[in-house]
Amino acid sequence: MTHRKLALFASLAMLAGSAALAARPAHPAGPARSRLPLKEFMGHVFQRNAEQVWAWTAEEEDAQGSHSGRPVSDQDWENAESDALSLTELTYALEGSAATGLDDPAWRRHIASVRSAANASAHAADAHDYQGLLKAANALNAACVSCHLRFAPALEVVPTLPKGF
Ligand code: HEC
């Protein structure tokens, strides 16, 4: 086979291939949806991202002294904003996911509370406003907890300490 013939043969083969592909749609109708189970989404995705958001307001005391996660440099504030915006976007993923979508208005209301706390955190980071960041971190925690209390109450049970503690 000459080069030209080879090239023609190759493009004919490609044509045949694309005709076969055209026969069945490359993508199913409508947007693709995640099939990650809710438990995995919560444990691996939401929790992890929320921890990143909370880390910017973490204040700890230990034997070595006090440690603060408070953003200092412009880059820190940028990163805090990125973490908050990532969480905002994840709320849309949660709401749109077939695996997690519950047909209950309360479910969507709780997701909206997480979204508004994440947005508040992004705005505070953009404005380099630490008090705002703290307030948003608390609102975020409250939003997570209140959905759990409604849909997975066992998660929020605080173990009672034995008498004497
Ligand atoms: C719209 C309701 C809702 C919101 C909002 C919500 N969760 Fe959840 N979460 C659930 C439900 C329901 C479960 C139980 C899932 C299961 O066990 O199948 C759960 C489970 C979890 C778990 C346990 C996962 C495991 O491995 O057992 C973690 C951790 C968690 N959520 C973190 C968070 C965090 C952090 C937030 C806030 C940023 C949040 N959740 C917001 C509904 C919600």
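**Figure 1. Helix α5 in the predicted model.** In this predicted model, α5 has 22 residues and spans 32 Å from its first C-alpha to its last, close to the 32 Å expected at 1.5 Å a residue. Its buried residues are Leu133, Ala136, Ala137, Leu140, Ala143 and Cys147. Seen down the axis of α5, these residues fall within an arc of 125 degrees, so they line one face of the helix. An α-helix has 3.6 residues a turn, so residues three or four places apart point the same way. Gln131 and Asn138, on the other side of α5, are exposed. The cover over the buried residues of α5 includes α2, α3 and α4.

**Figure 2. Helix α3 and its surroundings.** From first C-alpha to last, α3 reaches 33 Å with 23 residues, close to the 33 Å expected at 1.5 Å a residue. The buried residues of this helix are Trp77, Ala80, Glu81, Asp83, Ala84, Leu87, Leu90, Thr91 and Leu94. Among the elements covering the buried residues of α3 are α2, α4 and α5.

**Figure 3. The largest nonpolar core.** This core has 22 residues, and those with the most contacts inside it are Val53, Ala84, Ala118, Ala125, Leu133 and Leu140. At least two core residues come from each of α2 (38-55), α3 (74-96), α4 (105-126) and α5 (130-151). The largest share, seven residues, is supplied by α4. In soluble globular proteins, nonpolar side chains tend to be buried together.

**Figure 4. Contacts of Val53.** Which residues does Val53 touch, leaving out those up to four places away in sequence? They are Asp83, Ala84, Leu87, Ser121, Ala137 and Leu140. Ala84 and Leu140, like Val53, are listed among the core residues with the most contacts inside the core. Asp83, Ala84 and Leu87 are buried residues of α3, while Ala137 and Leu140 are buried residues of α5.

**Figure 5. The shell around the ligand.** The ligand is surrounded by 19 residues, the closest being Met42, Gly43, Cys144, Cys147 and Ala152. Cys147 is also one of the buried residues of α5. Helices α2, α4 and α5 each contribute at least two residues to the shell. Its largest share, seven residues, comes from α2. By type, the shell divides into 14 nonpolar residues, four polar and one charged.

**Figure 6. Trp107 in helix α4.** Trp107 lies in α4. This residue counts as partly exposed because it has 17 C-beta neighbours inside 10 Å, whereas a buried residue needs 20 or more. Trp107 and Glu95 are 12 residues apart in sequence, and their C-alpha atoms are 8.8 Å apart in space.

**Figure 7. His128 between two helices.** The loop between α4 and α5 contains His128. Its phi is near 55 degrees, a positive value in a residue other than glycine. Most residues other than glycine have a negative phi. With 14 C-beta neighbours inside 10 Å, His128 counts as partly exposed.

**Figure 8. The whole chain, for orientation.** The protein has five helices and two strands, which follow the pattern α-α-β-β-α-α-α along the sequence. Of its 165 residues, 19% count as buried. Among contacts between residues at least 6 apart in sequence, 63% join residues at least 24 apart.

Methods
Residues numbered from 1 in each chain as written. Predicted model: local features only at pLDDT ≥ 70, side-chain atom pairs only at ≥ 80, totals over all residues. Core = buried A, V, L, I, M, F, W, Y, C linked by C-beta atoms within 7 Å. Buried ≥ 20, exposed ≤ 12 C-beta atoms within 10 Å, placed from the backbone. Helix = DSSP H or I, 4+ residues; strand = E, 2+ residues; numbered from the N terminus. Contact = placed C-beta atoms within 7 Å. Expected span 1.5 Å × (residues − 1). Arc of directions from axis to C-beta. Near = placed C-beta within 6 Å. Nonpolar A, V, L, I, M, F, W, Y, C, P; charged D, E, K, R; others polar.
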